[in-house]
Amino acid sequence: MQLLNHARVPVVVSDILFETIRFAYEVAKLTKGVFDPTVGFTLESYGFNRHYLTRNKIESNLDLTTPVSYKDIVLNNEYKTVLLKKPLIIDLGAVAKGFAIDLAAKALSQFEGYLVDAGEDIYAGGLNEDDELWNIGIRNPLNTDHIIHTLKVSNMAVCTSGNYERVSPKDENKQHLINPYTGKTAKDSISSTVLAPFAMMADAFSTVAFILGKEDGIKLLEDHGINGIIITPSLSSYTTKEMEDYHYDENK
């Protein structure tokens with residue numbers, strides 16, 4: 001939010017902030033803007049601008065009249081600066097938690113087995129206490145007390161994005177995962193789970209797959225060699241072709 005007040009000027013930022021913005025920018029380029037970290041103003045207009053603990057509003061007071069995109073961000077890798085060509089709000093919700101998980105996993109890597117659990121995002125390192133692969137459950141989006149699928153993984157991040165928890169306080173038809181081109185949420189998916197070597201990657205691509213929907217989302221994952229599962233409103237599952245490598249089981 002401080003960057004917002006310094007538009008059109010290169011600003012030196014911390015290594016952590018620079019890396020998260022850089023990764024978000026690269027994913028935006030890779031997905032041709034379907035994933036776009038500059039959707040912050042749109043999310044603010046939908047009411048997604050409250051501190052998750054205090055519930056206090058964080059308002060930019062920005063009167064945004066011209067369209068913005070990731071192309072309005074200029075990064076300098078040598079000096080670790082970020083320049084915003086226009087006033088805009090960067091939203092890193094789809095990568096920041098994954099990055100935090102990756103930092104935690106790196107700190108725990110000295111152990112033979114460990115699990116980093118950040119709600120819907122997980123990194124499973126090594127083997128569990130029984131020297132077996134970790135069992136990671138995917139919640140049923142329509143009945144969150146139950147597991148709809150189970151994965152067996154090791155040294156892998158498993159991240160899920162869905163529309164069943166965060167709904168706009170201003171409009172119940174709007175969620176926080178939106179297509180930047182339409183401002184709307186996909187209608188044919190309610191949950192997207194992605195497996196990747198790093199949580200930041202799994203976090204970002206679970207968001208992209210969710211936004212694109214069942215067919216285009218799975219195609220994008222397969223095009224980039226990433227595995228995942230998309231669940232539809234009817235609780236049908238669409239998976240990438242190599243999910244069986246993770247002993248994919250369906251829970252009846």
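Helix α1 (residues 15–30) lies across β2 and β3, running at about 125 degrees to β2. Angles like this one run from 0 to 180 degrees between N-to-C directions, with axes fitted to C-alpha atoms, for helices over the stretch in contact. Helices (H or I, at least four residues) and strands (E, at least two) are DSSP runs, numbered from the N terminus. This is a predicted model, in which local features need pLDDT of at least 70, side-chain atom pairs count only at pLDDT 80 or more, and totals for chains, interfaces and linings use all residues. Residues are numbered from 1 along each chain as its sequence is written, and side-chain values use heavy atoms, leaving out hydrogens and water.

**The sheet beside the helix**

- Three strands form an open sheet in the order β1-β3-β2, with antiparallel pairing; two strands pair if DSSP finds at least two bridges between them.
- Its edge strands, each pairing on one side only, are β1 (11–12) and β2 (73–76).
- β1 is joined to strand β3 (residues 81–84) by two bridges, and V11 stands opposite V82 in β3.

**A look at N227**

- You will find N227 in strand β10 (residues 227–231).
- N227 counts as buried because its relative accessibility is 9%; buried means under 20% relative accessible area, exposed over 50% and partly exposed in between (1.4 Å probe, protein chains only).
- Beyond its neighbours within four places in sequence, N227 is in contact (heavy atoms within 4.5 Å) with T193, V194, L195, L221, T240, E242, M243 and Y246.
- The C-alpha atoms of N227 and F205 are separated by 9.8 Å, and the two residues are 22 apart along the chain.
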